[in-house]
Amino acid sequence: MDLGAIPSHFFRFWLWIGTGMVTKEWVAIHRKHHAKCETEDDPHSPQTRGIKTVLLTGSELYRSEAKNQDTLKKFGHNTPDDWIERNLYSRYSWQGVALMLIVDVALFGALGATVWAVQMLWIPVNAAGIINGLGHWWGYRNFEAADASTNVSPWGIVIGGEELHNNHHTYPTSAKFSVKPFEFDIGWGYIRALELLGLARVRKTAPQLKLGAVRPVADSKTLEALIANRYEVMAKYAVGLRAACKAELAALQASGAKNSARLAELRLAKRWLHRDADKIPAAVKAQVDNACQQTPVLSKLVTMREELRALWTRTNVSAEQLVVDLQAWCHKAEQSGIATLQEFALRLRAAHA
Ligand SMILES: [Zn+2]
Ligand SMILES: [Zn+2]
């Protein structure tokens with residue numbers, strides 16, 4: 001989003017007085033986190049550094065990365081570099097929070113020291129610990145983003161909406177973090193209020209798949225809608241795959257099968273098969289693969305999921321070729337005799353950009 005000059009300066013002042021963080025450092029570390037997510041270069045990934053380290057020492061990780069000049073040079077571009085930044089905010093960074101202590105004590109007397117302590121703990125505990133730690137470790141996922149990001153809570157109130165971290169990593173340029181009807185992002189409320197006052201302008205929110213008239217065949221518009229909404233489409237596909245696993249499991253149980261190995265494998269498949277291959281724990285991978293190979297419907301669904309994904313993961317393929325491939329995919333799905341795939345293909349043909 002674009003922020004007007006008044007709120008923009010207010011928030012820079014608030015960052016200084018409330019946290020002592022330097023805009024350029026925070027932005028650079030945050031951009032690097034997105035760019036190198038869950039790799040050794042990620043400044044605060046619990047996947048590489050361990051959950052305990054990030055939860056308990058998140059702010060230390062932040063401070064050490066803030067000293068990395070390479071990070072600031074590579075990822076800190078287009079951050080404020082005006083007179084007040086150079087001569088006050090960056091230069092006297094910790095004096096901001098000292099000023100806050102004076103203000104708190106002046107306002108609340110001795111209680112002000114407690115107010116100040118809570119303010120000082122807020123970012124290290126909630127942002128550096130909980131969001132950077134738990135937000136890549138524990139919670140639910142709406143989308144199979146390439147990283148391990150999770151939504152810690154469907155109601156983003158306490159940490160300004162950052163709780164919805166899987167949504168944020170899936171659509172990092174969206175100003176709104178909630179995507180499901182049951183989710184709430186209080187930050188979005190603030191943004192909308194500022195927008196109504198003419199102080200902000202939202203540039204981007206998450207795309208939403210629109211369904212309209214079913215096209216006779218998939219075309220370039222279908223492809224466009226599919227690629228723009230690929231995370232949502234794949235989430236829908238995962239629901240279908242999970243239902244198929246459940247149906248296979250139920251059928252096997254109904255037939256009175258005593259082959260417990262097969263039952264166990266199908267149970268694992270129901271738990272994991274709808275996830276991306278690299279998200280399935282190594283310990284159960286062989287069993288999940290076996291369940292898939294032994295069940296024609298499941299193996300077909302997995303194969304076709306990968307074929308669908310190939311529509312946006314391959315480079316060096318012309319748009320015309322992709323449309324042809326998409327048409328072939330839909331045709332194959334409709335001829336498969338599998339209801340899930342038939343319905344899915346129909347839905348794809350109804351997609352509008
Ligand atoms: Zn993150
Ligand atoms: Zn982010």
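Reader: Which residues is L326 in contact with, leaving aside its neighbours within four places in sequence?
Author: Bear in mind this is a predicted model. In it, L326 touches A218, D219, T222, L223, L226, L311 and L348.

Reader: And what about the largest nonpolar core, how many residues has it?
Author: That core has 42 residues. L326 is among those with the most contacts inside it, along with Y237, L273, L308, W329, L341 and L348.

Reader: Which elements give two or more residues to this core?
Author: The list is α11 (220–228), α12 (230–254), α13 (260–272), α14 (282–293), α15 (296–313), α16 (319–335) and α17 (339–349).

Reader: Which of them gives the most?
Author: α12 does, with eight residues.

Reader: OK, switching to the metals. What are the protein donors of the zinc ion (ligand 2)?
Author: Three histidines, each through NE2: H30, H34 and H168. They lie 1.9 to 2.0 Å from the zinc ion. Along the chain their spacing reads H-x3-H-x133-H.

Reader: So where do H34 and H168 lie?
Author: H34 is in helix α2 (residues 23–35) and H168 is in helix α9 (residues 165–170), so the pair ties together parts that are 134 residues apart in sequence.

Reader: How far apart are the zinc ion (ligand 2) and the zinc ion (ligand 1)?
Author: The two ions are 5.7 Å apart.

Reader: Last topic, helix α4 (residues 51–66). Where is its kink centred?
Author: On T57, and the kink is about 85°.

Reader: Which residues of α4 are buried, and what do they pack against?
Author: The buried ones are I51, V54, G58, S59, L61, Y62, E65 and A66. They pack against α2, α3 (46–49), α5 (69–75) and α8 (111–134).

Technical notes:
Residues numbered from 1 in each chain as written. Chains lettered and ligands numbered in written order. Predicted model: local features only at pLDDT ≥ 70, side-chain atom pairs only at ≥ 80, totals over all residues. Heavy atoms only, no water. Donors = N, O, S within 2.8 Å, 3.2 Å for Na, K, Ca; no water. Helix = DSSP H or I, 4+ residues; strand = E, 2+ residues; numbered from the N terminus. Bend = angle between axes of the 7 residues up to and from the residue. Buried < 20%, exposed > 50% of the residue type's maximum accessible area, 1.4 Å probe, protein only. Contact = heavy atoms within 4.5 Å. Core = buried A, V, L, I, M, F, W, Y, C linked by side-chain atoms within 4.5 Å.
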